[in-house]
Amino acid sequence: MHLHGFIKSELLGDRSITFNPKMQSSNLILFTFLGLVILSTLLPPLDARAFFVFGDSLVDSGNNNYLMTEARADTFPYGIDYPTHRATGRFSNGFNIPDLISQYIGSEPPLPCLSPELHGEKLLVGANFASAGVGILNDTGFQFANIMRIDEQLQKFTEYQRTLRSYIGAEKAKELVNKALVLITVGGNDFVNNYYLLPYSARSREFSLPDYVNYLTFEYKKILLRLYDYGARRVLVTGTGPLGCAPAEIALRSTDGNCAEELMRATDLFNPKIVQLLKELNSHYGSDVFTAANSNRMHFDFVMNPKAYGFKTAKIACCGEGRYNGIGICSRLSNLCKNRDEHVFWDAYHPTERANRLIVNRMMTGSTDYMSPMNLSTILALDEIH
């Protein structure tokens, strides 16, 4: 819609008006004011911080759309509740976690790093480097061809910063990255698409589960240190959700409909290790550089008691096939629920938008049971002071 046409039809109508100098001046002021109001709704706030996202399908906003891979969410019914009602590459019926965090920090969601639109002022918003299927380890998700593994995501981050420096200069680029919020969500695929992918996977033959968790923690530390070396100073690190409670795992591994015990054991071993790792890193690099988000506890709350949070089911995916809609992929041929808000899970592994909103609410305002050493609202408030 053109701005001029909007003002004429909505504000002035079709009446014939004779302008005198005073009216002309007052209308000019009115039009200028309206123009500024409209522009202010289109542009991000000047003090909105940049946001960078790394990880897997829980936070991928469309990078895999640009890759020749089967790990993608670019067809209906993905995106059915997104504002455009079209699939965007997000593994959700609507908004995903980065979208909702962006709303809280007063910014538009960062574009996928592979998007051709990521240039000019869009660079100032940040970038999403996440790619569905990846894990901490480079051999995780080997069955998916051409995904951006964590090493490549970090390499893309350095390439982004070179482009940013050429756009706003080295000093301002460094400041933007240092002040940015960084989210990394990775680890779940290292279990479901690696260690437990096959009955006797290469990794399960190589490691006992406790030793595998230790190995993942050791490798994750390298990733987080690289983020720090590349300028990240506010890093939100999520653990894994309750992996055994995903409809896919219940369908494959549970005989009674309860969460799969072995996957839950993996979750219970892994998440405390990550919390301890972040405490150690903070003791060396600053008391609040790394923030742990207990996504397992956040998700487990409404998995165990869905009705208390307004859900009807936490076992049956909204979109899927077979037992609990947990078999196969979500596609046009799948079963599709009518009310997505009644389901915790959208597809075999990923939360619905409504579940994502509850998770992000916990990130923003949750107690230390959910966020350590502090929640995002506290972080934002502290950064405003400084």
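**Reading the terms**

Colleague: How do you know that β1 and strand β2 (residues 126-128) are joined?

Modeller: Three bridges join β1 to β2, and the two strands run parallel. Because strands are said to pair if DSSP finds at least two bridges between them, the three bridges here are enough for this pair to qualify. One place to look is Phe52, which stands opposite Ala127 in β2. Before going further, please keep in mind that this is a predicted model, in which local features need pLDDT of at least 70, side-chain atom pairs count only at pLDDT 80 or more, and totals for chains, interfaces and linings use all residues. Residues are numbered from 1 along each chain as its sequence is written, and side-chain values use heavy atoms, with hydrogens and water left out.

Colleague: Which other strand is joined to β1, and by how many bridges?

Modeller: Strand β3 (residues 181-185) is joined to β1 by five bridges, and these two strands are parallel as well. Within this pairing, Gly55 has Thr185 of β3 as its bridge partner, while Phe52 stands opposite Val182. From β3 the pairing goes on to β4, again in the parallel sense, over four bridges, and there Leu183 has Leu236 as its partner. The protein has 13 helices and eight strands, where helices (H or I, at least four residues) and strands (E, at least two) are DSSP runs, numbered from the N terminus.

Colleague: What makes strand β1 (residues 51-55) mostly covered?

Modeller: Five of its five residues are buried, a word used for residues under 20% relative accessible area, with exposed meaning over 50% and partly exposed in between (1.4 Å probe, protein chains only). In a regular strand the side chains alternate between the two faces of the sheet. Phe51, Val53 and Gly55 lie on one side of β1 and Phe52 and Phe54 on the other, and with every one of them buried, both faces are covered. Five of five residues are buried in β3 too: Leu181, Leu183 and Thr185 point one way, Val182 and Ile184 the other way. Over the whole protein, buried residues make up 51% of the 386 residues.

Colleague: Why is the meeting of Glu175 and Lys179 called a salt bridge?

Modeller: Side chains of opposite charge can pair when their charged atoms come close. The term asks for a side-chain nitrogen of Lys or Arg within 4 Å of a carboxyl oxygen of Asp or Glu, and because the N to O distance between Glu175 and Lys179 is 2.8 Å, this pair meets it. Both residues lie in helix α5 (residues 170-179), four residues apart, about one turn of the helix. Glu262 and Arg265 give another case, at 3.3 Å from N to O, and they are separated by about one helical turn because they are three residues apart in helix α10 (residues 261-285). A search of the whole structure finds 19 salt bridges.

Colleague: What closest distance puts Arg234 and Asp383 in a salt bridge?

Modeller: The closest N and O atoms of Arg234 and Asp383 are 2.8 Å apart, so the pair is inside the 4 Å limit. This pair links distant parts of the chain, 149 residues apart, with Arg234 in the loop between α8 (209-229) and β4 (235-238) and Asp383 in helix α13 (residues 376-385). Arg234 is buried because its relative accessible area is 10%, under the 20% limit, whereas Asp383, with 26%, is partly exposed. Arg234 and Asp383 also belong, together with Arg49 and Asp288, to a linked network of salt bridges.
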